[in-house]
Amino acid sequence: MALTIGIVGLPNVGKSTLFNALTRAEVLAANYPFATIEPNVGVVPLPDARLGQLAEVVHSEREVPATVSFVDIAGIVKGASEGEGLGNAFLANIREADAICQVTRAFEDPDVVHVDGRVDAASDIETINTELILADLQTIEKVIVRLEKEARVKKGEAIAQLAAAQTVKGILESGTAVSAGAAAAKLELADIREFNLLTAKPFIYVFNTDDAGLVDADRKAALAAQVAPAEAIFLDAKFEAELVDLTEDEAREMLEANGQTESGLDQLARVGFDTLGLQTYLTAGPKEARAWTIRKGATAPQAAGVIHTDFERGFIKAEVVHFQDLLDAGSMAAAKAAGKLRIEGKDYVMHDGDVVEFRFNV
């Protein structure tokens, strides 16, 4: 599944430093606005300890984790929706993402200039959100013009879509993101997906802070409250960039010395995966143990189709055992003997951690 998270924020908040760490890429991270000219795309493996354990049980030669794609998009400034800075080209890049990760500066450093001359997380978030809302207003106004014409001819569905578009416009005109105002307006986001609105996408907020900020519980709680109910992640992008150059043992020791049990990058990949409404199922054999990405609520045939469309079209059944049951049994044969291996049909809804072998006929 090619699903992506767009990394956005004001210039000089640490987006490219974070992206470098995420992808271990050498993306330019410079102390001036618009260091990122073209969007950089990186595919990041999703941390999953189950894969190694599964590979050991089944004696697989290699492990293939699920992935999350991140797109590093140039800094947005006030007026971007009207073409300021590098303008609408970058709003178009955000529009292609499935979710938005907004990086916000929460550290003081006189050597790193702030585009507004001061560090104010709330103001930065408001600037980005305002530009996205203004861009969406431009989009929805064009949609309304189109739907008004269609409603006069086609009526039916076009009229319903027009009403939804007008509801969206009202939400945006109140200064509210569509995702935040949809519930109160009794608007189903799935019904307006074709409008491709920026603020209808899921949001994750990353606060780029320093050592002092990472241990300041009150400060973190206050920042998280500003963006609730969206997820808030706190990390030090510079520290994360240092971690990726270390061995696994060295990185673990450095995290422990810093009072952390999980790196910010692992947390971001995990939260991003969940925000996109995804989960994984596992397959295993002599060649590889692999995690496959599916949407939550996917059926067995749909999950099979992620491997190959022929698997979905010719689906017969799925042999399923949950990962923990397989691990406890010690082998697939033992799991089967213990009655933990199940035969599931076309209506089976997949669960995260299912270990599956599909039977199909094409």
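Lys169 and Glu173 lie four residues apart in helix α5 (residues 157-173) and are therefore separated by about one helical turn, helices being DSSP runs of H or I with at least four residues and strands runs of E with at least two, numbered from the N terminus. Their side chains meet in a salt bridge with an N to O distance of 3.9 Å, a salt bridge being a side-chain nitrogen of Lys or Arg within 4 Å of a carboxyl oxygen of Asp or Glu. Lys169 is partly exposed at a relative accessible area of 25%, whereas Glu173 is exposed at 52%; buried means under 20% relative accessible area, exposed over 50%, and partly exposed in between (1.4 Å probe, protein chains only).

The model is predicted, with local features requiring pLDDT of at least 70 and side-chain atom pairs counted only at pLDDT 80 or more, while totals for chains, interfaces and linings use all residues. Residues are numbered from 1 along each chain as its sequence is written, and side-chain values use heavy atoms, with hydrogens and water left out.

A search of the whole structure finds 14 salt bridges. One of them joins Asp249 to Arg252, with the closest N and O atoms 2.9 Å apart; these residues are three places apart in helix α10 (residues 248-257), and are thus separated by about one helical turn. An α-helix has 3.6 residues a turn, so residues three or four places apart point the same way. Arg290 and Glu288 also meet through their side chains in a salt bridge (3.5 Å, N to O), in which Arg290 is partly exposed at 25% and Glu288 is buried at 17% relative accessibility.

Asp48, Arg50 and Asp352 are linked in a network of salt bridges. Arg50 belongs to helix α2 (residues 49-58), where Arg50, Leu51, Leu54, Ala55 and Val57 are buried. Seen down the axis of α2, these residues fall within an arc of 160 degrees, so they line one face of the helix, the arc being that of the directions from the helix axis to the C-beta atoms. They pack against β3 (62-64), β8 (278-284), β9 (288-295), α14 (323-329) and β12 (354-360), contact meaning heavy atoms within 4.5 Å. The face of α2 turned away from its buried side carries the exposed residues Ala49 and Glu56.

Val349, in the loop between β11 (342-344) and β12, is in contact with Gly297, Ala298 and Thr299 when its neighbours within four places in sequence are left aside. The C-alpha atoms of Val349 and Gly297 are separated by 5.9 Å, although the two residues are 52 residues apart along the chain.
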